[in-house]
Amino acid sequence: LITEAEPLDAPGPRIVYVNPAFERLTGFSPDEIPGLTSRIQQGPKTQPEALQRLRAALAAGRPARVELISYRKDGSHYWQEMDIAPVRDAADGITYWVAVYRDISERKAAEAALRLSEERFRLVTQASNEAIWDWDLASRHIWWNENFTAVFGYPVDEVHHGYKQVHSEDRLRVARSIAKAINGTGSLWQEDFRFMKADGS
């Protein structure tokens, strides 16, 4: 999409060109575009803060990228990622704005699903009476839920990696067992071993 450079405030710069993908994405045909502005894509759910960031970038004459909820001709909305940049003349004045739109609805839905999953996991670990841990194999960091303190007496941020809390007589066996599970094809690791509590028991 290409628009005139001015005005930045309402009604906004008029659209002078859209490519066929714009019609496929928004439902507005090139024949409908003359005289309209890109504000035809704004609606009740379009975030004012995103528009404010965009307005500030345009006023400063610099490129910008924003993510916002946009509207199609039929009134349906979708998540849009927009890159916009100025076109300048020989005197360095801005003559047009060029914008590239991407439909990122699927990505936003995936992010929302991940946040929901993480929140459910957090609630489950809070509701459980068990000590639950999660081991990041790449960083070797171990996360524990808050019941770790109740069960073993350690602050949750005290034990991050290694086997030093595993009883010395069990340590090698546990390490080998975990390595075998990591290098194997199974989806479950289970082992009995002695774990040292903070009070030394």
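## Tyr 96 and its strand

Tyr 96 is partly exposed, with a relative accessible area of 37% (buried means under 20%, exposed over 50%, partly exposed in between, using a 1.4 Å probe and protein chains only). You'll find Tyr 96 in strand S5 (strands, E, at least two residues, and helices, H or I, at least four, are DSSP runs numbered from the N terminus).

This is a predicted model, where local features need pLDDT of at least 70, side-chain atom pairs count only at pLDDT 80 or more, and totals for chains, interfaces and linings use all residues. Residues are numbered from 1 along each chain as its sequence is written, and side-chain values use heavy atoms, leaving out hydrogens and water.

## Who pairs with S5?

S5 pairs with strand S4 (residues 77–88) in the antiparallel sense, over nine bridges (strands pair if DSSP finds at least two bridges between them). Here Arg 88 stands opposite Ile 94 of S5. Five residues sit between S4 and S5 in their hairpin, and Asp 92 in the turn has a positive phi of about 70°.

Strand S1 (residues 2–4) also pairs with S5 in the antiparallel sense, over three bridges. There, Ile 2 has Val 98 as its bridge partner.

## Helix H5 and its two sides

Now for helix H5, which runs over residues 168–183. Its buried residues are Asp 170, Val 174, Ser 177 and Ile 178. They cover an arc of only 100° around the axis, so they lie on the same side of H5 (the arc is taken from the directions from the helix axis to the C-beta atoms). On the other side of H5, the exposed residues are Ser 168, Leu 172, Arg 176, Lys 180 and Asn 183.

Methods: The expected span of a helix is 1.5 Å times one less than its number of residues.
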